[in-house]
Every structure is written in C-alpha cells, then in structure tokens.
Amino acid sequence: MDDKLKQDFTRRLSQCNSGGMIVIIYEILFTYAQDAKEAFADKDRGKMKESLRKVQGVLDELIGSLDFSYELSNRLYALYTFCKRELARSMYQNSPEGLLEAEKILRRLYDAFVQAASRDTSEPVMGNAQQVYAGMTYGRGQLTESYMDQDAQRGFFV
C-alpha cells in the first residue's frame, strides 16, 4: 500500500460513520490482500509474508470490533477465524490458495456491509474532525480537496 492510498484511507476514516468504517476496514484488508497476491506472482516470499500478516492484523481488528451481544457476531467470528486459518495455510504452503479462499468469503461479507452501511444514518465517528470538501477546479481532470476552517474549534480545550 503506497502513502497516497494510506492518506486517502485516513481522510475517509476521519469523515465516516460506524457503518462506513467497517467498509473502509474491509477495503484496507483487500488492498493488503492484493499486495500479497502480487508478491506471490513475483515470488517475493518476504513481501508475501508481510502482506499476509497485515491482512491477519486487519482481521484481528474486525474480530475485536464484534459485539457478541448479537448472535450474528458469533457467526462472523467463526468466518473470520476460518479466514485467518486460510491465510496461515497460504503462508506455510507458500501458495495463494488459502488467501483466495479467504478473500472470496470476505468479499461476500464486504458486499453485505456495503448494503448495511448505505442505510446507516448515524453521526460520523470522529465528531471534531476537519471537514473535507472535494470539487473540480480549473485544471483539466484534477480533483482538488479543500480543508475548511483549519484548526478552528478542533482538538481538546483545557
């Protein structure tokens, strides 16, 4: 994942609500999975292991965000742990098969979370974050983002 993509994810996370946050976390997971697939294709075992560990780290984050007071969380937990085992299988077999199997399951879950997030009307998770406005400028084909009210009423007050 390059720095520009990290900045984009950071900006989106600062503006999203709880439903959108799960969707973005899945997108981060798929970005690391793509990095792992590219490493498999390049036969770069070090990069492949690093990318698979990052995918597992994102899965750990998804597991940690489960609320077990809902029955659905138990089923998601089972799917997430199965996917973690598949990723481990990819790592020790040095084969993308486990990664592809896990990604297939996670893509279906992602589609469901996208639908659920589209109905989520809750407030943004970060309440005092900087607002970002995006629009076209006079440059051809360039999208420029503007940050309004920089440092005005942001952060903690003592």
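**View 1. The lining of the largest pocket comprises 12 nonpolar, 3 polar and 2 charged residues**. The model is predicted, and local features need pLDDT of at least 70, side-chain atom pairs count only at pLDDT 80 or more, and totals for chains, interfaces and linings use all residues. Residues are numbered from 1 along each chain as its sequence is written, and side-chain values use heavy atoms, with hydrogens and water left out. In the class counts, Ala, Val, Leu, Ile, Met, Phe, Trp, Tyr, Cys and Pro are nonpolar, Asp, Glu, Lys and Arg are charged, and the others, Gly among them, are polar. A pocket is an open set of points on a 1 Å grid over the protein atoms alone, with protein on both sides within 12 Å along at least five of seven lines, and a lining residue has an atom within 4 Å of a point. The largest pocket has a volume of about 350 Å³, the volume being the space filled by probe spheres set on grid points that are joined across faces, edges and corners. Of the 17 residues in its lining, L66, L72, S73, L76 and F113 are the closest to the centre of the pocket. Two or more residues each come from α2, α4 and α5, where a helix is a DSSP run of H or I with at least four residues, numbered from the N terminus. The greatest contribution to this lining, 5 residues, is that of α5.

**View 2. The largest cavity is lined by L29, A33, V55, L87, L99, A102, E103 and L106**. Contributions of two or more residues to this lining come from α2 and α5, and α5 has the largest share, with 4 residues. By class, the lining of this cavity holds 7 nonpolar residues, no polar residue and 1 charged residue. The structure holds 1 cavity of 30 Å³ or more, and about 30 Å³ of space lies in the largest cavity; a cavity is a set of grid points where a 1.4 Å probe fits but cannot get out.

**View 3. Helix α4 (residues 71–93) packs against helix α5 (residues 97–118) at an angle of about 150°, with 7 Å between their axes**. Axes are lines fitted to C-alpha atoms, for helices over the stretch in contact, and angles run from 0 to 180 degrees between N-to-C directions. The two helices are therefore roughly antiparallel, a term for angles over 145 degrees. The crossing of α4 and α5 is left-handed, as the near helix is turned anticlockwise from the far one by less than a right angle. On the α4 side the contact includes L76, L79, Y80 and F82, and on the α5 side it includes L99, A102, I105 and F113, contact being heavy atoms within 4.5 Å. This contact has 12 nonpolar, 2 polar and 4 charged residues.

**View 4. Helix α2 (residues 18–42) and α5 pack at about 155°, their axes 10 Å apart**. This angle makes α2 roughly antiparallel to α5, and α2 passes α5 in a left-handed crossing. Among the residues of α2 that meet α5 are I22, V23, Y26, L29, F30 and A33, while those of α5 include L99, L106, L109, Y110 and F113. Grouped by class, the contact of α2 with α5 has 16 nonpolar, 2 polar and 4 charged residues.

**View 5. The axes of α2 and helix α3 (residues 45–64) come within 8 Å and cross at roughly 160°**. These helices are therefore roughly antiparallel to each other, and α2 passes α3 in a left-handed crossing. The contact of α2 with α3 divides into 16 nonpolar, 1 polar and 5 charged residues.

Definitions and conventions
Parallel < 35°, antiparallel > 145°, perpendicular 65-115°, else oblique.
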